[in-house]
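User: I have a protein model open and would like to go through its side chains. Can you help me read it?
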Amino acid sequence: MISNRYDIDDEIYINDLITNEDIPSFVKYFNNPTLHANLLTKPYPYTTKDGEDFIQKIKLNSLSLPRIFSIRLQTNNELIGGCGFRRSVKNERRTEIGYWLGEPYWHRGLMPKIVKRVIEIIKNEWKNLVRIEAKIFPWNKASMRVAEKCGFVFEGVLRKRTHKNGQDIDEHLYALIIE
């Protein structure tokens, strides 16, 4: 399968290819309780079977609305994170962004560079895109900083918007308007 590759810096690049060879990285990074606390849909603990199911889901949705980028090390192509967009079926002028990075790569300023680059890419692909939303848990200050560094504006709190671990949780809504 042919994949587009976009260099971010000397350490990392992104592409749009995820394969079964990435499953060990998913298991390695998603079995982090801190990372899991900030993800909505990933099971914990995360197993090889979960990774296989995820890859299969991506293959089934390949012609659908999501757009997923993998974040990789330049040195060995290891998957260390991901960034994706989920486009609204009812309103293709809006999309939601989500992103994650393995803990060894936190606090290095990588994610703002990645998010800015994937936004450039998606703006070129989806010409009628007007709005990108990021919904962030209230305790995830690092993700809020990423959104703000990338030009997103805090629009408010979506009270009790999601259900996770038996609790109804608020989400902070950030948006970037494409003009």
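Analyst: Start with a definition: a salt bridge is a side-chain nitrogen of Lys or Arg within 4 Å of a carboxyl oxygen of Asp or Glu. This is a predicted model, where local features need pLDDT of at least 70, side-chain atom pairs count only at pLDDT 80 or more, and totals for chains, interfaces and linings use all residues. Residues are numbered from 1 along each chain as its sequence is written, and side-chain values use heavy atoms, with hydrogens and water left out.

User: How many salt bridges are in the whole structure?
Analyst: The search finds 15. In one of them, the side chains of Asp53 and Lys49 meet at 2.8 Å, N to O.

User: Where do Asp53 and Lys49 lie?
Analyst: Both are in helix α3, 4 residues apart, about one turn of the helix. Helices (H or I, at least four residues) and strands (E, at least two) are DSSP runs, numbered from the N terminus.

User: Is Asp53 buried, exposed or partly exposed?
Analyst: Asp53 is partly exposed, at 39% relative accessibility. Buried means under 20% relative accessible area, exposed over 50%, and partly exposed in between (1.4 Å probe, protein chains only).

User: Which residue does Arg72 meet in a salt bridge?
Analyst: Asp22, at 2.7 Å, N to O. Arg72 lies in strand β3 (residues 67-73) and Asp22 in the loop between β2 (12-15) and α1 (23-30), so the pair ties together parts that are 50 residues apart in sequence. Arg72 is buried at 6% relative accessible area, and Asp22 is buried at 5%.

User: Back to helix α3. What about Asp50?
Analyst: Asp50 lies in that helix, residues 48-60. Asp50 is buried yet has no salt bridge; the nearest side chain of opposite charge, Lys49, is 7.2 Å away. For charge, Lys and Arg count as positive and Asp and Glu as negative, while His and the chain ends are not counted.

User: Which backbone nitrogen does the Asp50 side chain reach?
Analyst: That of Thr47, at 2.8 Å. Leaving aside neighbours within four places in sequence, Asp50 is in contact (heavy atoms within 4.5 Å) with Pro43 and Pro45.

User: New topic: how many disulfides?
Analyst: The count is 0, where a disulfide is a pair of cysteine sulfur atoms within 2.5 Å. Cys83 is in no disulfide, and the nearest cysteine sulfur, that of Cys150, is 8.9 Å away.

User: Are those cysteines buried or exposed?
Analyst: Cys83 is buried, at 2% relative accessibility. Cys150 is buried too, with a relative accessible area of 10%.

Conventions: Polar contact = N/O pair within 3.5 Å; in protein donor to acceptor, adjacent residues only side chain to side chain.
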